[in-house]
Amino acid sequence: MLAFIIRRLAQSALVMLFVALIAFVIFRYVGDPISSMVGVETRLEDREIMRERLGLNDPVIVQFARFIGNALQGEFGISYRLQQPVTELILSRLPATIELAFASALIALVVGVVLGVYTALNPRGYFSSGIMAVSLIGVSLPTFLIGIGLIYLFAVELGWLPSNGRGEVVDLGWWRTGLLTESGLRSLILPAITLSLFQLTLIMRLVRAEMLEVMRTEYIRFAKARGLTRRAINFGHALKNTMIPVITITGLQLGSVIAFAIVTESVFQWPGVGSLFVTSVRDVDVPVMAAYLMFIALIFVLINLVVDLLYFVVDPRLRAGKGH
Amino acid sequence: MTEPLLSVRGLTVEFPTRHGILTAVEDISFDIMPGEVLGMVGESGAGKSMTGNAIIGLIEAPGRIARGEVWLNGQRIDSLPPEAMRAIRGRRIGMIFQDPLTSLNPLYRISDQLIETIRTHLPLSQDAARKRAIGLLDDVGIPDAARRIDDYPHQFSGGMRQRVVIALALCAEPDLVIADEPTTALDVSVQAQIIDVMKELCAERGAAILLVTHDMGVIAETADRVAVMYAGRLAEVGPVRDVILAARHPYTAGLMGAIPRLGENLVRLNQIPGAMPRLSAIPPGCPFNPRCPRVMDHCRSHRPALSPIEPARKVACWLYPEVTEA
Ligand SMILES: Nc1ncnc2c1ncn2[C@@H]1O[C@H](COP(=O)(O)OP(=O)(O)O)[C@@H](O)[C@H]1O
Ligand SMILES: [Mg+2]
């Protein structure tokens, strides 16, 4: 187990190093850092002095090492546009994105598992066929269309829910949450649903396929032959075996939820890191772009690690280390 | 005369397919007396598993029992509502499957699987059920049962897992155990032990066994009576000794030719040439006629019914004048 964790950590470090290289290339070679920092009227000699002082004339390797050293300390420079340390900027936007991502992952997981189990247990029902048909539309419609549709229906036509922003937030000092106010919660509903739909259909179809597969196994037949109740078989024996791949996929999807939040955040003007990234791309705010890249990669890597560890918790064969 | 424990009457199992209805089991009838071991033999695909599944009510859709009746202790069980049938499974009929590596849920401890099954059928507390489970594991010959009970299935060898499966089937003291090729998937060295454990425990508890296998050697050593299946039908039923020493159906005689180590007074027959027909291509008349060394014209057009030819012996073959048409 320990060896496994160490190997995983090493792999993660390697992935991060590679992403750091890409981030560094963007940081260093997209546009000219100096001209982004100073005005057009700055003289060439002054620019050269700045270049020297910032170490931009050092060998690339040295610059990369410095970039990584800074990154390890959470230093990604100053945003060209907002003149604020990038790390501070991202951290201030992070709570909004995390709350949105977790709310939609929760919706996707709960609704996805429930619908997946239902359609697997009643494969021939009308309701199941209906859900499967709708889910097909769900995966093929682009997120922004769904978001705009929801805004049109619930915000514009019915006027039930707000269509943009986070509502009132409460500052806990280190975290600004929208979960404690009514307007915050109401503002969360539409973007969270929009962001969840794709994952929801994915999880539902996965649960359904896995569950159908598990229901055909010998141990389910043996459980039936022992006279266990339908409930014990469906929601104990079958669901537990279905959950291994579902946990993996859901966990891995959490990374993409945060990454895909870009579109949803833009549609709903949600003040998270996604919309920060979109504006920084528009303004060629390179330090923010590079930091965002590193940040998303870090989240993916961390989630991967957690999912691998969850595997151990769920599957005794792996825990013993002598599975087949 | 005692009543039979299990009575199967004219059981027919069909599978509707695109190319018409396939009959996997056709019109089979047999009884099992309390405490009796009935062996059921036949080539792969003869319909042995299907018969067992039909008795316990686990034919998978679209398959279905098209005709016939199954009686257990004087109660008709083939037409029971699902919940009533579920209560019989595990409680009055236990089942042992072929492959112990896949029969146990890999994510559940042995203790959980045993206790869950015990408490489904018997009004016991968690602690009492656990005690009973440990006792059962002891009985089936798992060393250090009190400690091993909390292990997961993958921590046991194949033979040990099959012992666990037997413990699970016997959890609630069923009157009948259906063992569907319980040793086919096991290493030869442990096959005899597993059969012995199963037979001994059932005998102690007075449980009858329907022992499905294609191994005539196992039947010879274990069963009281034997039923021979061919292409979804019963070819012959009788006391083991009689059937082995003097097979009446040419198919049975051919099968006997395939058993190793038999009594010297037996004439060894050659293996039967050809293969069992597919369900969609069962010939008219006697289903065995294309392979039968003693086939007559009559056999090609008339189907023999399983008919009594001696006390306690039935055969479906036109060689015997007592046999009637199906
Ligand atoms: N789902 C199914 N659809 C159609 N035919 C089936 C199905 N399952 C089993 N059969 C057929 O039923 C017959 C009996 O199978 P089975 O009882 O498993 O044989 P045995 O256990 O004697 O080897 C076989 O010919 C098999 O092909
Ligand atoms: Mg079989």
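This is a predicted model: local features need pLDDT of at least 70, side-chain atom pairs count only at pLDDT 80 or more; totals for chains, interfaces and linings use all residues.
Residues are numbered from 1 along each chain as its sequence is written, chains are lettered from A and ligands numbered from 1 in the order in which they are written, and side-chain values use heavy atoms, with hydrogens and water left out.

**Stop 1: the interface**

Select the residues of each chain that are in contact with the other (heavy atoms within 4.5 Å). The selection holds 28 residues from chain B and 25 residues from chain A. About 2,500 Å² is buried between the two chains, and carbon and sulfur atoms give 60% of that area; buried area here is the accessible area (1.4 Å probe) that two parts lose on being put together, summed over both. Next, highlight B:Phe97, B:Leu107 and B:His154: within chain B these lose the most area to chain A, together 27% of what that side buries.

Now display polar contacts, defined as pairs of N or O atoms within 3.5 Å; within protein, one must be able to donate a hydrogen and the other to accept it, and residues adjacent in sequence count only if both atoms are side-chain atoms. Across the interface, 15 residue pairs are in polar contact, both residues at pLDDT 80 or more. Elements that give two or more residues to the side touching chain A are helix 1 (48-56), strand 6 (93-96), helix 3 (100-103), helix 4 (110-121) and helix 7 (158-170) of chain B. Helix 4 of chain B gives the most, with five residues. By class, this side of chain B has 12 nonpolar, 11 polar and five charged residues, where Ala, Val, Leu, Ile, Met, Phe, Trp, Tyr, Cys and Pro count as nonpolar, Asp, Glu, Lys and Arg as charged, and the others, Gly among them, as polar.

**Stop 2: A:Arg221**

Centre the view on A:Arg221, whose side chain meets that of B:Glu60 in a salt bridge (3.3 Å, N to O). The criterion is a side-chain nitrogen of Lys or Arg within 4 Å of a carboxyl oxygen of Asp or Glu. The count between chain B and chain A is one salt bridge. A:Arg221 also forms a salt bridge with A:Glu218 (3.4 Å, N to O); both residues lie in helix 9 (residues 218-225) of chain A, three residues apart, about one turn of the helix.

**Stop 3: the largest pocket**

The largest pocket holds about 1,300 Å³ of space. Of its 31 lining residues, the closest to its centre are A:Lys224, A:Arg230, B:Ile59, B:Glu60 and B:Ala61. Helix 2 of chain B supplies the largest share of the lining, four residues. The lining comprises 17 nonpolar, four polar and 10 charged residues.

On a 1 Å grid over the protein atoms alone, a pocket is an open set of points with protein on both sides within 12 Å along at least five of seven lines, a cavity is a set where a 1.4 Å probe fits but cannot get out, and lining residues have an atom within 4 Å of a point.  Grid points are joined across faces, edges and corners, and a volume is the space filled by probe spheres set on the points.

**Stop 4: the cavities**

The whole structure has two cavities of 30 Å³ or more. For the largest, of about 60 Å³, select its lining residues, among them B:His249, B:Cys286, B:Cys292 and B:Trp318.
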